[in-house]
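Please look at the sequence and structure first.

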Amino acid sequence: MEGSERSAEGARGARDGRRNQKLRTRRALLDAAAELLREGHPVTIADAAEAARVSTATAYRYFSSPQELLRETRTLMRAPDLTADLPADPAGRVDAIVSRVADMQLANEPAWRAMLSASLERSLKQGGDGPEEDGFPVRSRNRLDLTRTALAPLTDTLPPSALRRLTMALTLVYGVESLVSTRDVCELEAAEAKEVMRWAARSLLDTALREEIED
């Protein structure tokens with residue numbers, strides 16, 4: 001009986017060892033993909049496998065496509081809660097959201113540029129026929145959700161149409177596309193780029209509120 005118990009324990013130990021090894025390999029691939037993004041490189045299964053020091057065939061057993069790998073890598077790199085401890089007033093909330101997003105993205109430009117490049121590439125491959133491929137959205141709704149959270153106190157202040165227009169307008173003045181515009185087109189340093197985003201957001205909010213008072 002004791003021999004049977006030892007055999008069973010040995011089998012469980014072997015299974016646990018294999019499971020732990022699989023988890024380590026998966027995490028190594030995700031860490032490698034995250035590092036590729038931080039360095040501004042496109043994420044491919046082969047490159048992630050090379051960086052993680054595993055074979056490409058092994059990597060494909062964990063991730064069937066670069067999109068799947070990129071999706072899980074984004075989850076790994078997910079920022080802390082950007083809506084924590086927001087002030088009560090709309091202006092303060094908008095400024096906090098825009099500032100936090102700018103700080104996060106400007107501190108790690110190569111990764112965000114790489115993610116933008118990957119999403120644009122996927123959009124071109126789809127030809128604009130649909131928002132998803134294999135259940136993976138081309139672009140997330142995070143910025144739109146952040147903007148709606150920032151403007152939540154205005155639900156009873158602005159008419160629905162005005163609130164919607166303000167929401168959509170604000171999404172244009174911060175985020176990775178604004179990062180590229182301010183840094184590449186306008187050739188601004190990071191600090192000034194952030195201040196321009198904050199000013200633009202504040203100006204849009206002030207205009208929307210002023211128009212409501214005038215009406």
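The model is predicted, so local features need pLDDT of at least 70 and side-chain atom pairs count only at pLDDT 80 or more, while totals for chains, interfaces and linings use all residues. Residues are numbered from 1 along each chain as its sequence is written, and side-chain values use heavy atoms, with hydrogens and water left out.

**Nonpolar cores**

A nonpolar core is a set of buried Ala, Val, Leu, Ile, Met, Phe, Trp, Tyr and Cys residues joined through side-chain atoms within 4.5 Å. Buried means under 20% relative accessible area, exposed over 50%, and partly exposed in between (1.4 Å probe, protein chains only). The largest core has 26 residues, and V94, L151 and L166 touch the most other members. Two or more residues each come from α5 (90–106), α7 (142–150), α8 (160–170) and α10 (190–214); α5 gives the largest share, 7 residues. Helices (H or I, at least four residues) are DSSP runs, numbered from the N terminus. Another core, of 20 residues, lies apart from this one and includes A49, F63, A111 and A118.

Beyond its neighbours within four places in sequence, V94 is in contact with A150, L151, L170, A201 and L205. Contact here means heavy atoms within 4.5 Å.

**Cavity**

The most lining residues, 3, come from α5. By type, the lining has 6 nonpolar residues, 1 polar and no charged; Ala, Val, Leu, Ile, Met, Phe, Trp, Tyr, Cys and Pro count as nonpolar, Asp, Glu, Lys and Arg as charged, and the others, Gly among them, as polar.

**Polar contacts**

A polar contact is a pair of N or O atoms within 3.5 Å; within protein, one must be able to donate a hydrogen and the other to accept it, and residues adjacent in sequence count only if both atoms are side-chain atoms.

| Side chain | Partner side chain | Distance |
|---|---|---|
| Q21 | R24 | 2.9 Å |
| D103 | K194 | 3.0 Å |

Q21 sits in helix α1 (residues 2–38) and is partly exposed, at 40% relative accessible area. D103 is in helix α5 and is partly exposed, with a relative accessible area of 40%. The C-alpha atoms of D103 and A190 are separated by 8.9 Å, although these residues are 87 apart along the chain.
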